[in-house]
Amino acid sequence: EGKRQLWKYNGKQWDSGIKLNGCKDVFALCEDTQGTIWAGGEGDNAIWKYFYQKNRFYGIILLDSTEVSAFAIDRHNFLCAAGAGRNKIWVKQEKDNWATANLEDCIAVYAISAGKNVIAAGGWNLKRRGRMWIRKNNVWSKGSDLKDCYVVRALAYTNE
């Protein structure tokens, strides 16, 4: 937090780090099915993509996003990003294009997890209370508030 960089471990030691242009904080990391590393955070950009060939990241602006807090990969190998902004989940399409899905009664999503046929997302509702949204058959639920929960910051979905 606050250092704007990522460090890589080679199995014996950590490197000196790579600074992310336009970044204030890094909140999430994910490796997609092609081996690309994605970093989510806050700054002029909300998401960064790692280029192995040039050993650097470049930033991507997500429409209506102020930060990216979490990633998940769905059963179709689509990368999903969750964060604060305008009640949205972002789903990576071809190249670096991202589609959005609107979540009802949502301020921010801080956690997202993918199961076999479901994606679960958790965060804040408009009253700043913990709320969960579930996507089944590519349709997001209206969401359910959690009793006595201020905000959902992490979650894991199992297929049990």
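How far is the sulfur of C149 from the closest cysteine sulfur, and in which residue does that sulfur lie? The sulfur of C149 is 13 Å from the closest cysteine sulfur, in C106, which is too far for a bond.

These legends describe a predicted model, in which local features need pLDDT of at least 70 and side-chain atom pairs count only at pLDDT 80 or more, while totals for chains, interfaces and linings use all residues. Residues are numbered from 1 along each chain as its sequence is written, and side-chain values use heavy atoms, with hydrogens and water left out.

View 1. A disulfide is a covalent bond between the sulfur atoms of two cysteines. Here a disulfide is counted when a pair of cysteine sulfur atoms lies within 2.5 Å, and the structure holds zero of them. The sulfur of C30 has its closest cysteine sulfur in C80, at 9.5 Å, so the two are too far apart for a bond. C149 is buried, with a relative accessible area of 17%, and C30 is buried at 13%. (Buried means under 20% relative accessible area, exposed over 50%, and partly exposed in between, using a 1.4 Å probe and protein chains only.)

**View 2. Strand β9 and its cover.** Strand β9 spans residues 88-92, and five of its five residues are buried. (Helices, H or I with at least four residues, and strands, E with at least two, are DSSP runs numbered from the N terminus.) On one side of β9 the buried residues are K88, W90 and K92, and on the other they are I89 and V91.

**View 3. Strand β9 between its partners.** Two strands pair if DSSP finds at least two bridges between them. Strand β8 (residues 79-85) runs antiparallel to β9 and is joined to it by three bridges. In this pairing A82 stands opposite I89. Two residues separate β8 and β9 in a hairpin, and N87 in the turn has a positive phi of about 45 degrees. Strand β10 (residues 98-102) is also antiparallel to β9, with five bridges joining the two. Here W90 stands opposite T100. The hairpin of β9 and β10 has five residues between the strands, and K95 in the turn has a positive phi of about 50 degrees.

**View 4. The surroundings of Y110.** Y110 sits in strand β11 (residues 106-114) and is buried, with a relative accessible area of 11%. Leaving out residues up to four places away in sequence, Y110 touches E67, S69, A70, G122, G123, W124, V151, V152 and R153. (Contact means heavy atoms within 4.5 Å.) S69 is 41 residues from Y110 along the chain, and their C-alpha atoms are separated by 5.3 Å.
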